Amino acid sequence: MMLPKIGLVAITVAWLALIQACGFHLRAAVELPAVLEITYLQSKELYSGIATELRLELQAAGADLTDERDAATGVVMVLDERSQRRVLSVGSAGRASEYELFEEVSFALEDPQGNVLLEPQTLRMTRDLVFDDTQLLGKVGEAEVIRRQMQRDLARQIITRIRVGMRPR
């Protein structure tokens, strides 16, 4: 009876060591730079797109969002945001069978007085979507889920870029 338990423990330990050795780790919360402790978010569309995901990521990382620019430690400006879809391939019936989803955001960071802390930067992300028009509702929903995931990833990248850009040199 004892041998199978020891074997199971040995296999489990070996598996955990193997996972750790390859560099696998669960994605943790984004580390918040000090300049974003109290954040004012400036965007043309505050309640949609990347601004929404950026707000959620900042709050999850522990930032306090403020509606007053002067009360903030940092001002994140979403300067421009683009979402596009283009056809990658067409099936024999002449209908699109694969799309490329494209998200792009330009952002900058200032202090409350308007001094530039981080110059404007642009981040881009693309994903492919195989499209089957016999499953129209499901594929439209899948495209929306993928787009939100891309926006969330871009929001995390914005915070990471700010953290790296604000490191003392």
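Biologist: Why is Ser 106 called buried?

Modeller: In this predicted model, Ser 106 has a relative accessible area of 13%. The term buried applies under 20%, so Ser 106, at 13%, counts as buried.

Biologist: Where is the place of Ser 106, and what makes the link between its side chain and that of Thr 122 a polar contact?

Modeller: Ser 106 belongs to strand S4. Its side chain and the side chain of Thr 122 are 2.9 Å apart. A polar contact requires a pair of N or O atoms within 3.5 Å, one able to donate a hydrogen and the other to accept it; the pair at 2.9 Å is therefore a polar contact.

Biologist: Which residues is Ser 106 in contact with, leaving aside its neighbours within four places in sequence?

Modeller: Ser 106 is in contact with Met 77, Val 78, Leu 79, Asp 80, Gln 121 and Thr 122. Of these, Met 77 is 29 residues from Ser 106 in sequence, with 8.4 Å between the two C-alpha atoms.

Biologist: Strand S4 (residues 96–110) also holds Glu 103. How do you know that Glu 103 is buried?

Modeller: The relative accessible area of Glu 103 is 0%. As that value is under 20%, Glu 103 is classed as buried.

Biologist: What does the side chain of Glu 103 make a polar contact with?

Modeller: The partner is the side chain of Arg 147, at 2.7 Å. That distance is within the 3.5 Å limit for a polar contact. With neighbours up to four places away set aside, the contacts of Glu 103 include Arg 147, Met 150, Gln 151 and Leu 154, and also Ile 50, Arg 82 and Arg 124.

Biologist: Ile 50 is a residue of helix H2. How do you know that H2 has a span close to the expected one?

Modeller: Helix H2, residues 49–60, has 12 residues and reaches 17 Å from its first C-alpha to its last.

Biologist: Which residues of H2 are buried, and what follows the helix?

Modeller: Ile 50, Ala 51, Glu 53, Leu 54, Arg 55, Glu 57 and Leu 58 are buried. An α-helix has 3.6 residues a turn, so residues three or four places apart point the same way. H2 is followed by Gly 62, which has a positive phi near 105°.

Biologist: Why is Ile 159 called buried, and how far apart are Ile 159 and Glu 57 in sequence and in space?

Modeller: Ile 159, found in helix H3 (residues 136–165), has a relative accessible area of 0%; this is under 20%, hence the term buried. Ile 159 and Glu 57 are 102 residues apart in sequence, and their C-alpha atoms lie 8.4 Å apart.

Biologist: What makes Thr 39 count as buried, and what does its side chain reach?

Modeller: Thr 39, in strand S1 (residues 38–43), has 0% relative accessibility, a value under the 20% cut-off, so it counts as buried. The side chain of Thr 39 reaches the backbone oxygen of Leu 36 at 2.7 Å. Beyond four places in sequence, the residues in contact with Thr 39 include Leu 58, Leu 65 and Thr 66.

Biologist: Why is Val 87 called partly exposed?

Modeller: Val 87, in strand S3, has a relative accessible area of 44%. Buried means under 20% and exposed over 50%; 44% falls in between, so Val 87 is partly exposed. Its contacts beyond four places in sequence are Ala 96, Glu 98 and Tyr 99. The C-alpha atoms of Val 87 and Tyr 99 are 4.5 Å apart, across 12 residues of sequence.

Biologist: What divides the lining of the largest pocket into nonpolar, polar and charged residues?

Modeller: The lining consists of Tyr 40, Leu 41, Leu 46, Tyr 47, Arg 55, Leu 65, Thr 66 and Asp 67. Tyr and Leu count as nonpolar, and Asp and Arg as charged. The division is therefore 5 nonpolar, 1 polar and 2 charged. The pocket holds about 150 Å³ of space.

Biologist: How many helices and strands are there in the chain, and in what order do they run?

Modeller: The chain has 3 helices and 5 strands, in the order α-β-α-β-β-β-β-α from the N terminus. Of its 169 residues, 33% count as buried.

Methods: Residues numbered from 1 in each chain as written. Predicted model: local features only at pLDDT ≥ 70, side-chain atom pairs only at ≥ 80, totals over all residues. Heavy atoms only, no water. Helix = DSSP H or I, 4+ residues; strand = E, 2+ residues; numbered from the N terminus. Expected span 1.5 Å × (residues − 1). Buried < 20%, exposed > 50% of the residue type's maximum accessible area, 1.4 Å probe, protein only. 1 Å grid on protein atoms, 1.4 Å probe; cavity = no way out; pocket = protein on both sides within 12 Å on 5 of 7 lines; lining within 4 Å. Points joined across faces, edges and corners; volume = space filled by probe spheres on them. Contact = heavy atoms within 4.5 Å.
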